[in-house]
Amino acid sequence: MPLGSRTPGQPGPSPQLRELKETVRTLLGLDDDTAVMVRQLACTEPGCPPLETVVAVLPMDGAARRWTLLQPAEQITEDDLRHALLAPDQDHHQDH
Ligand SMILES: [Zn+2]
């Protein structure tokens, strides 16, 4: 499943995703020059849940970081985000 594919029936950023972005920004103490992307993706990898949420942080002058949370965006709490973001970068399938 290529990055950038959208979940059917989800035409654009939802308030939920926007809220998650703000939480990421707050948790990591990011400034406005750092882009944050939160996307919900359908995943067809064996062993993956049908919907995952990918969080990406893209600093202007640094290496991008990316995490995959194995649950739909609507189920992600601030605690989930905190655990994921403060752990070492992790992505269970960098290849897709
Ligand atoms: Zn996956």
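Let's start with M37, which stands opposite A56 in strand 2. Before we go on, please keep in mind that this is a predicted model, where local features need pLDDT of at least 70, side-chain atom pairs count only at pLDDT 80 or more, and totals for chains, interfaces and linings use all residues. Residues are numbered from 1 along each chain as its sequence is written.

So, to the strands. Strand 1 covers residues 35-42 and strand 2 covers residues 51-58, and the two pair in the antiparallel sense over 8 bridges. "Pair" here says that DSSP finds at least two bridges between two strands. Strands of a sheet pair through backbone hydrogen bonds, either parallel or antiparallel.

Strand 2 also pairs with strand 3, residues 65-69, again antiparallel, over 5 bridges. Two partners to look for: V57 has R65 as its bridge partner in strand 3, and T53 has L69. A hairpin of 6 residues joins strand 2 to strand 3.

Put together, 3 strands form an open sheet in the order 1-2-3, with antiparallel pairing. Which strands stand at the edges? Strand 1 and strand 3 do, each with a single partner strand, so one side of each is left without a neighbour in the sheet. Neighbouring strands are turned by 15 degrees against each other on average, direction ignored. Helix 1 packs on this sheet, touching strand 1 and strand 2, and its direction makes about 135 degrees with that of strand 1.

Let's step back to the whole chain. The protein chain has 2 helices and 3 strands; helices (H or I, at least four residues) and strands (E, at least two) are DSSP runs, numbered from the N terminus. Along the sequence, the pattern reads α-β-β-β-α.

Now the helices. Two packed helices are described by the angle between their axes and the distance between the axes. Helix 1 is residues 15-28 and helix 2 is residues 78-86; they pack at an angle of about 50 degrees, with axes 10 Å apart. Axes are lines fitted to C-alpha atoms, for helices over the stretch in contact, and angles run from 0 to 180 degrees between N-to-C directions. Helix 1 and helix 2 are therefore oblique to each other: under 35 degrees counts as roughly parallel, over 145 as roughly antiparallel, 65 to 115 as roughly perpendicular, and the rest as oblique.

Which residues make the contact? Helix 1 brings L20, T23, V24, L27 and L28, and helix 2 brings E78, L81, R82 and L85. Contact says that two C-beta atoms, placed from the backbone, lie within 7 Å.

Next, L30, in the loop between helix 1 and strand 1. Leaving aside neighbours within four places in sequence, L30 is in contact with R25, V36 and V57. L30 and P59 are 29 residues apart in sequence and 8.7 Å apart in space, C-alpha to C-alpha.

A35, in strand 1, also counts as partly exposed, with 13 C-beta neighbours inside 10 Å. A35 and R25 are 10 residues apart in sequence and 9.0 Å apart in space, C-alpha to C-alpha.

Last, two totals. Of the 96 residues in the protein chain, 16% are buried. Among contacts between residues at least 6 apart in sequence, 43% join residues at least 24 apart.

Terms used. A residue is buried if 20 or more other C-beta atoms lie within 10 Å of its own, exposed if 12 or fewer, and partly exposed in between; C-beta atoms are placed from the backbone.
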